[in-house]
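Morning, everyone. Please bring up the model on your screens. I'll walk through it briskly.

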Amino acid sequence: TLGSELVDNGTFTTNLNSWTSTHAGWTQASGKVKYESGTQDSKLFQQIKTDVGSVYKIQVQVGGITGGATMDFGLSDGGSTTYHAQKTVSANSTPFIYALADETNHRVQLQNNTSSGSFSVDNVSVKKLSTPDYWIVNVDILNSVASPSVDDYIYFSKDTSANFNGVTGYFAETTLSNSKTSQAELYAVNFEVIESSK
């Protein structure tokens, strides 16, 4: 379940209010923000409040790509313009990423990657996953090891003293009740669980 929208003026209806750019080249037109022939790595960003340890969905709508332009979007590292989590976009699409907040504020950020070409962005959105129906596996990677890329797998092992499968193990709860008005005595309770094949 997603929470409320955290981005102010993510639809760029009439202006670029609430947004800050590091260089020229960003303009508002027809309910979109457009980047065209400016400084490479120019950024457009907005500060948002985040909760440490919470996961956020960042989504944008990208269109009008010309001249081989590519752009990045994501959350920056706190108050800086260095990315904390990002995705590169080179085709007209509506991409999204999930990011784990590690500070009380981040910047939702757009960035052009080329000095030529153009693209437009609309419907910039950041929403918190309000229902914790996700699991996070932190991976420490040595500098000498390549970082995972799209379609890579991350394997991990867990303590098998509780069970052999699943991230968190299994839990079952049973309630026993006496529907009679007279006293009842319970001698023993036995359970047998057989896991189905996966």
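Which residue in β8 is the bridge partner of Ser76? Tyr83 is the partner of Ser76. Before I go on, some ground rules. This is a predicted model: local features need pLDDT of at least 70, side-chain atom pairs count only at pLDDT 80 or more, and totals for chains, interfaces and linings use all residues. Residues are numbered from 1 along each chain as its sequence is written, and side-chain values use heavy atoms, with hydrogens and water left out.

Confidence next. pLDDT is the predictor's confidence in each residue, from 0 to 100. The chain has a mean pLDDT of 83, and 82% of its residues reach 70 or more. Where pLDDT is low, the predicted coordinates should not be read in detail. In the chain, confidence is lowest in strand β3, residues 26–29, at a mean of 90. Confidence is highest in β11, at 95.

Now the fold. The secondary structure comes to 0 helices and 11 strands. Both are DSSP runs, numbered from the N terminus: helices are H or I with at least four residues, strands are E with at least two.

Strand β7 covers residues 71–76, and strand β8 covers residues 83–89. The two run antiparallel, joined by 6 bridges. Two strands count as paired if DSSP finds at least two bridges between them. There are 6 residues between the strands of this hairpin. Gly78 in the hairpin takes a positive phi near 65°.

Zoom out to the sheet. It is an open sheet of 5 strands, in the order β2-β5-β10-β7-β8, with antiparallel pairing. Its edge strands are β2, residues 20–21, and β8; each pairs on one side only. Strands of a sheet pair through backbone hydrogen bonds, either parallel or antiparallel.

What about packing? Of the 198 residues, 30% count as buried. Buried means under 20% relative accessible area, exposed means over 50%, and partly exposed is in between, with a 1.4 Å probe and protein chains only. The largest nonpolar core has 27 residues. By nonpolar core I mean a set of buried Ala, Val, Leu, Ile, Met, Phe, Trp, Tyr and Cys residues joined through side-chain atoms within 4.5 Å. The residues with the most contacts inside this core include Ile58, Met71, Phe73 and Val108. Elements giving two or more residues to the core include β4 (32–36), β6 (55–66) and β11 (118–129).

On contacts across the chain: a contact means heavy atoms within 4.5 Å. The chain exposes about 13100 Å², by the Shrake-Rupley method with a 1.4 Å probe, where for residues only the protein chains shown count as cover. Carbon and sulfur atoms supply 49% of that area.

Two backbone angles to check. Most residues other than glycine have a negative phi, and most peptide bonds are trans. Asn9 is not a glycine, yet has a positive phi of about 60°. Asn9 sits in the loop between β1 (2–5) and β2. Ser30 is not a glycine either, and has a positive phi of about 55°. Ser30 sits in the loop between β3 and β4. Which of the two is buried, and which exposed? Asn9 counts as buried because its relative accessibility is 17%. Ser30 counts as exposed because its relative accessibility is 72%.

Now the loop between β8 and β9, where Asn92 lies. What does the side chain of Asn92 reach? It reaches the backbone nitrogen of Ile65 at 3.2 Å. A polar atom of the Asn92 side chain also lies 3.2 Å from the backbone nitrogen of Gly64. Asn92 and Val62 are 30 residues apart in sequence, and 5.2 Å apart in space, C-alpha to C-alpha.

Ser90 is found in that loop between β8 and β9 too. At 53% relative accessibility, Ser90 counts as exposed. Leaving out residues up to four places away in sequence, Ser90 touches Ile65, Ala69 and Thr70.

Last stop, Ser118, in strand β11. Ser118 counts as buried, at 5% relative accessibility. A polar contact of 2.6 Å joins its side chain to that of Thr66. Polar contact here means a pair of N or O atoms within 3.5 Å; within protein, one must be able to donate a hydrogen and the other to accept it, and residues adjacent in sequence count only if both atoms are side-chain atoms.
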